[in-house]
Amino acid sequence: MNDEIRQRRWTFLKQMMLIRRFEEAVATAGAEKAFPGHYHLYIGQEATGVGAMAALGPSDKIATTHRNHGHVLARGADPEACLAEIMGRANGINRGRGGTIHLCDPELGFLQTSGVVGSVVGLAAGGGYACKLKGDGSLTAAFFGDGALEEGIAFECLNIAALWGLPVIFICENNSADALGMAKGGYPTLVHAANDLRSIPGSLGIEAIRVDGTEVEEVHRVVAHAAAHCRAGKGPLFIETVTRRWAGSAPLWPELATGITDIGMATGRTKIDDGPHSYWYRHNDPVLKLARQILQDDHSARMQIELLDEQTQAHMRAVVERVHQSPYPELATATDFVFAQGAA
């Protein structure tokens with residue numbers, strides 16, 4: 001393994017740890033009723049967001065969903081501004097107006113993050129059209145769940161993207177296994193006539209690739225291939241990243257079913273018991289998986305991994321404390337920013 005790959009793994013681990021500790025902080029705040037409304041967490045899918053974002057360029061556009069925290073953080077957003085947004089504070093990334101569902105930073109290329117299932121697929125097609133008109137080699141990446149493919153807009157936009165050769169990477173984060181649904185683990189076969197999601201874009205002539213969504217290096221490699229494909233003017237590409245649904249997503253409201261992540265389960269400091277989540281810890285947790293891979297390459301990295309985790313946790317504790325002390329927006333500003341500033 002060369003130094004470039006080794007350094008990239010450490011960068012990925014740092015980003016994935018930040019997302020994990022951030023999401024655990026959100027879950028804790030949610031359980032304490034520190035903010036209203038429903039929310040979703042990205043735990044278990046960190047490898048997809050981090051690996052994919054690292055393959056995109058600074059001028060590329062992004063459209064993503066209600067499960068957006070990991071995408072926004074992986075793109076480089078300030079975790080304090082993000083947590084303040086979720087908790088409705090005036091110093092939030094969207095001034096406390098968007099909340100968890102619409103956590104968005106246009107300066108990082110985000111067109112929108114939306115809770116409307118399937119909508120970002122259409123938005124990304126429009127973004128891809130704009131990129132093609134600009135002709136500057138930029139592209140648009142859409143992140144969405146397998147449920148988005150149940151919506152008509154998804155098929156329509158895959159079709160138009162193929163017809164017009166739009167530079168769009170459609171990234172379907174398929175976390176249906178172990179999901180709570182009409183038939184647990186039954187998606188997509190219960191709702192889709194297509195048993196293999198790749199056959200949907202494939203029927204339109206779009207190259208479709210499946211990848212293990214818990215393997216950050218594999219996700220990065222495939223998205224880099226897709227980006228090169230788009231920039232070469234070869235049209236859209238579809239990627240299905242497969243993960244198993246994190247146990248804390250099973251109830252209607254997220255809960256820390258697997259507890260606060262103990263990085264010692266990767267370094268060997270903590271023994272994994274034979275409890276209900278042992279398989280998750282051993283095989284499905286992308287953060288633990290990457291830490292183990294780094295250790296396989298360098299057995300002396302154990303202390304460095306644990307130090308990185310301690311620093312990340314300390315950083316998030318400080319963030320949480322500052323956000324709790326942050327003010328809410330003034331009531332008199334409730335109608336501010338309803339319309340775009342300077343719009344005619």
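**Entry 1, helix α1**

I began with Glu 24 and Arg 21, which sit 3 residues apart in helix α1 and are therefore separated by about one helical turn. Their side chains meet in a salt bridge at 2.7 Å, N to O, where a salt bridge is a side-chain nitrogen of Lys or Arg within 4 Å of a carboxyl oxygen of Asp or Glu. I noted Glu 24 as buried at 3% relative accessibility and Arg 21 as buried at 6%; buried stands for under 20% relative accessible area, exposed for over 50%, and partly exposed for what lies in between, with a 1.4 Å probe and protein chains only. Helices, as I use the word, are DSSP runs of H or I with at least four residues, strands are runs of E with at least two, and both are numbered from the N terminus.

Before going on I wrote down that this is a predicted model, in which local features need pLDDT of at least 70 and side-chain atom pairs count only at pLDDT 80 or more, while totals for chains, interfaces and linings use all residues. Residues are numbered from 1 along each chain as its sequence is written, and side-chain values use heavy atoms, with hydrogens and water left out.

The structure holds 20 salt bridges. In one of them, Glu 217 and Arg 8 meet through their side chains at 3.0 Å, N to O. Glu 217 belongs to helix α8 (residues 216-231) and Arg 8 to helix α1 (residues 3-31), so this pair ties together parts that are 209 residues apart in sequence. I found Glu 217 buried at 17% relative accessible area, whereas Arg 8 is partly exposed at 23%.

I then looked up Asp 274 and Arg 282, whose closest N and O atoms are 3.8 Å apart in their salt bridge. Asp 274 counts as exposed at 70% relative accessibility, and Arg 282 is partly exposed at 36%. I also recorded a network of salt bridges that links Asp 196, Arg 198, Arg 210 and Glu 240.

For α1 and helix α11 (residues 286-297) I noted a packing angle of about 150 degrees with the axes 10 Å apart; axes are lines fitted to C-alpha atoms, for helices over the stretch in contact, and angles run from 0 to 180 degrees between N-to-C directions. The two helices, α1 and α11, are therefore roughly antiparallel to each other, given that angles over 145 degrees count as roughly antiparallel, under 35 as roughly parallel, 65 to 115 as roughly perpendicular and the rest as oblique.

Helix α4 (residues 79-86) and helix α12 (residues 302-324) have axes that come within 10 Å and cross at roughly 45 degrees, and α4 and α12 are therefore oblique to each other.

Which residue in the loop between α1 and α2 (46-53) did I mark? I marked Lys 33, which lies in that loop and has a positive phi of about 60 degrees although it is not a glycine. Lys 33 is exposed, with a relative accessible area of 70%. In the loop between α4 and β2 (110-113) I came to Arg 95, another non-glycine with a positive phi of about 60 degrees, and I noted Arg 95 as partly exposed at 44%.
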